[in-house]
Amino acid sequence: MDQIAGKSLTELKRLLDRGEVSALEIIKAFKEQYESDRKKPAPLNGYIEFFNDAEELAVKADEARKAGTSGILEGLPIAVKDNILISSRKATCGSAILQGFTSPYSSTVVERLMNEGIIPVGRTNMDEFAMGSTCEYSVYGPSKNPANREYVTGGSSGGSAAVVASGQAPCALGSETGGSVRLPASFCGTYGFKPTYGSLSRYGLVAFGSSMDQIGVISGDPDDIALVISVASGFDSNDLTSEDVDFSALFPLKRMRLKGKKIAIPEELSGEGIDKEVGIVLERFASWLRSEGACPETVSMPLLKTTVAMYYIIAPAEASSNLARYDGVRYGLRDITGNNLEDLYVRTRTEGFGDEVKRRIFLGNYVLSAGYYDAYYKKAMQVRYLLKKELNRVLKEYEYILSPTSPVPPFKLGTKIDNPLSMYLTDICTIFANLALLPAVSIPAGTTSKGLPVGMQLTGRMFDEKGILRAAKTWFLKESRGEV
Amino acid sequence: MKYEVVIGCEVHVQLLTKTKAFCSCENRFGGIPNTRVCPVCLGLPGALPVVNQKMIEDAVLAGLALNCKVAAVTRFDRKNYMYPDLPKGYQISQYDMPVCTGGKLDIETEGGKKSIRIIRLHMEEDAGKNLHLEDGSGLSYVDFNRCGTPLLEIVSEPDMRSPLEAVSYVQGIREIMKYLGISDCNMEEGSLRCDANINLWIYEDDKRYETPISEVKNMNSFKAMRNALKYEIKRQLAEWQEKHLSLMNTGKVTRGYNDKTGETVVQREKEEEADYRYFPEPDLKPIVITKNLVAETGRRVGELPAAKRKRFVSQYGLRKGSASVLAASKALSDYFEAAAKGYGEPVKIASWIITEVGGYLNTEGLTIEEFSLPPENITRLMEIVDSGIISSKIAKKVFARMAGSGESPDTIVKKLKLNQITDRDKLEEFVAVVMKENPQSVADFRKGKDHAIKFLMGRIMMLSKGRANPQVSAAILKEKLNNG
């Protein structure tokens, strides 16, 4: 038997279905991988918690398989970002303010996966409340890039990308508001997928920017993503923004004939402002597409230059409201050393929130304030509407939009943490998909001269998860055979 | 000094929907604290609101009854403020796209009918309740049972010119909401709450001065409302004479009414007024209200209590008092009209329904909606009394039985043999008449022809239309024959 840790969810499922391996063996292998890493001088710090009872659950899964009562994901492990709720488990969103909070309910996505027998093995590290692009703004300290531990994983789902890239989990759930799945996937060299807004229920995903939040999937194999989406997607009566989509036939992915497909490469995300080495990977990816018969073309979409500005109005506005509930009254951190209600609020929130979260709460409250609402929030929403129209127009003519996932390759820990603006600009390539609700996937497409991963991003039409995942699968097959 | 009183009202009405506004928790007053709660109404991380359709229907119904325009598209917004009884840190309410706008309500004043304009009617959720211990511990608790109860907020123009008019207006709202069955409008339990904005227009030196507006809260009965507003007029007059402050230099002040002292006290000055940072609720899509729903709901509104009251007086000749009682509830008025149909004396039916039916419902703790006795049975009972078959005293007995069993009055009369004449004097009369009219048969009997008694009995039954009690009649007849 080959080594288990490092295999994809799909491969493990095949082995389990054939009875060549047990769920217990699988969980043990990943746990061992995690524990051996913890003993290293600079652990990756991908997991905040590896669940103690994961092996017990594996034994039960093996019994269910024997009894013939197993679900289609029975006994398969998955890592879960610390902002996606699992009943009776802690959830802290990487924040001090949620210390001590145990969720009394499961998110719909986790519940649907668990109904098919999946075993959540642990909670992964993240930027506090998913606000950050490096996974450095976590109360548990930064996660580290498995490709080079001096480098950031990208964020905010940095822990999820790190555990997948290092073989501590075959697959992980992350969440996106502005690229938080795709960016760390790109930095760590894995696939990272954000579904169309509404494909997955947000019920039980701790809210950051509600109009953009979406659970995403990170794995080394596009088929894993398809498998998870096929089980977890579809309308949820607990989330009225979820859509009645049917992706049950998404898995297994067929490869895509790219011949004749028109692909738009936005000028604004491919020329100026894009790191040279990232540009080289983009060129290489584009020529691969050409070799498959596709037709990548450069197009201009000037509104793409405004996405960061828009995003940093809309997301903080929604966040300022979404985070008002952390007040020390009902759960989580509670500082009662003061004399009155205001002291309770101020002290709890001052201690409980980190700098970046506070920054965004201030920003959000400011742009929603009387007298500023029209100039900021309202205007941003108007431009967002125009952006959606523009992107949908381009996507009528073109099948996909191709761009790098990040304008820059992974950078060293600590280099941007004190420069929020430069940090925000890391999201310039990913944000538009969130603003326009589109599905997008980051594909590990190459490395820099230093061997750091670089991801390319395909964005598709609304609810065309199938198209971009099949395109990703085509790359995956060619790449794993060394044909690119 | 010449002055005018100016009052506008904001009325909050709790709806009687089975479940809360945005979750499936039971919507009911009271209960053991924090037992009617769930992740949604507790504002737990990750929870999302789901709109109660019944709330929307009720809002449309109330709006149409108040002559409002119903919006084709309506939307929820977040009203952001922090308070312990508001678990999310924002209230889901409506801001610039309320469900209904531009209505009116007619009230009776000393000077005749007057129309009070209604600016808007919108939906929102109620907060929980803070409970402050009065044991010197300084501790406060929060009960979230009420949290998420659906509310309608109805905002009037400042069209009322006296406390009496304001009370009439709120009474009018209450009457309609109760009539429509969407709220019980219990001011003491807080299912109807009114805040009044009041100031004075003072005419001096040919100019009009406006005193600062007070928003008066905490008026828990109509009496309290009248007293609070009377007190405010006195207070504002005194303040004007002393300080000559006008609306221009101070703005609006929130004052709370204290029922014990009969005074209002400052709760919040204008500078402390919150900026609610309204923005569209991203967790809920805008709601389309179809023409169909509006038309259907419009048919449900029908004739309202005020018009009904008038009609009952003119059409049926009821007294004002009876008309008011019957017209206050749609079910009750429908019941009355069904019973009165095809019966010559509606006043009698009305009094029967008010005293007998009303009394029965009271003792049994039922509502008229739960009362299963068909109104036609009341009509029939009246007819039986009218035909002299039973007395009205006996009729009450019949009613008690038929209200419980649902049997028809005829069946009960027959079963209980209430229609038989057992009164000895009456029966003796029949016997005397029959003996007098049939001397031959009397003679035959006395000659020993026993069968003659059968013939005489048959005549008695004929004469009494079958109602004479046969046993008693036969005994009397034998007695008279033998004694003859």
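Which domains does the domain assignment of chain B give? There are three: domain 1 (2-288), domain 2 (303-414) and domain 3 (424-483). Those bounds come from an automatic or database domain assignment.

A word on ground rules. This is a predicted model, where local features need pLDDT of at least 70 and side-chain atom pairs count only at pLDDT 80 or more, while totals for chains, interfaces and linings use all residues. Residues are numbered from 1 along each chain as its sequence is written, and chains are lettered from A and ligands numbered from 1 in the order in which they are written.

## Chain A as a whole

Let's start with chain A. Its secondary structure comes to 15 helices and 13 strands; here helices (H or I, at least four residues) and strands (E, at least two) are DSSP runs, numbered from the N terminus. Along the principal axes, the C-alpha atoms of chain A fill a box of roughly 65 × 55 × 45 Å. The radius of gyration of chain A is 21 Å, which agrees with the value near 23 Å that a compact globule of 484 residues would have. That radius is taken over C-alpha atoms, and the globule rule is 2.2 Å times the number of residues to the power 0.38.

Of the 484 residues in chain A, 61% are buried. A residue is buried if 20 or more other C-beta atoms lie within 10 Å of its own, exposed if 12 or fewer, and partly exposed in between, with C-beta atoms placed from the backbone. As for contacts in chain A with a separation of 6 or more, 75% are between residues 24 or more positions apart. Two residues are in contact if their C-beta atoms, placed from the backbone, lie within 7 Å.

## The sheet in chain A

In chain A, 11 strands form an open sheet with mixed pairing, in the order β1-β3-β2-β6-β8-β7-β12-β13-β11-β9-β10. Two strands pair if DSSP finds at least two bridges between them. At the edges sit β1 (47-50) and β10 (295-299) of chain A, each pairing on one side only. From one strand to the next, the twist averages 30°.

Helix α3 (residues 54-67) of chain A lies across β1 and β3 (119-124) of chain A, and runs at about 160° to β3(A). For such angles, axes are lines fitted to C-alpha atoms, for helices over the stretch in contact, and angles run from 0 to 180 degrees between N-to-C directions.

Here are some strand pairs from both chains, with their bridges.

| Strand | Partner strand | Bridges and direction |
|---|---|---|
| β7 (residues 191-194) of chain A | β12 (residues 440-447) of chain A | three, antiparallel |
| β2 (residues 69-70) of chain B | β6 (residues 100-109) of chain B | two, antiparallel |
| β6(B) | β7 (residues 112-125) of chain B | nine, antiparallel |

In the chain A pair, G192(A) has S442(A) in β12(A) as its bridge partner. Over in chain B, C100(B) of β6(B) is the bridge partner of V70(B), and C100(B) also stands opposite L121(B) in β7(B). A hairpin through two residues joins β6(B) to β7(B).

## Where the chains and domains meet

How many residues of chain A are in contact with chain B? The contact takes 33 residues of chain A and 24 residues of chain B. On the chain A side, α9 (307-322), α10 (341-352) and α11 (355-368) are the elements that give two or more residues. The largest share, three residues, comes from α9(A). By class, this side has 17 nonpolar, 10 polar and six charged residues. Ala, Val, Leu, Ile, Met, Phe, Trp, Tyr, Cys and Pro count as nonpolar, Asp, Glu, Lys and Arg as charged, and the others, Gly among them, as polar.

Within chain B, the centres of domain 1 and domain 2, taken over C-alpha atoms, are 38 Å apart. Their contact takes seven residues from domain 1 of chain B and six residues from domain 2 of chain B. Helix α2 (residues 163-180) of chain B gives the most to the domain 1 side, with four residues.

## A helix and a loop in chain B

In helix α8 (residues 330-340) of chain B, the buried residues include L332(B), Y335(B) and F336(B). Among the elements that cover the buried residues of α8(B) are α2 and α6 (305-316) of chain B. Just after α8(B), G342(B) takes a positive phi of about 70°.

P212(B) is found in the loop between β12 (207-210) and β13 (214-217) of chain B. P212(B) counts as buried because it has 20 C-beta neighbours inside 10 Å. Not counting residues up to four places away in sequence, P212(B) touches residues including N199(B), L245(B) and K252(B).
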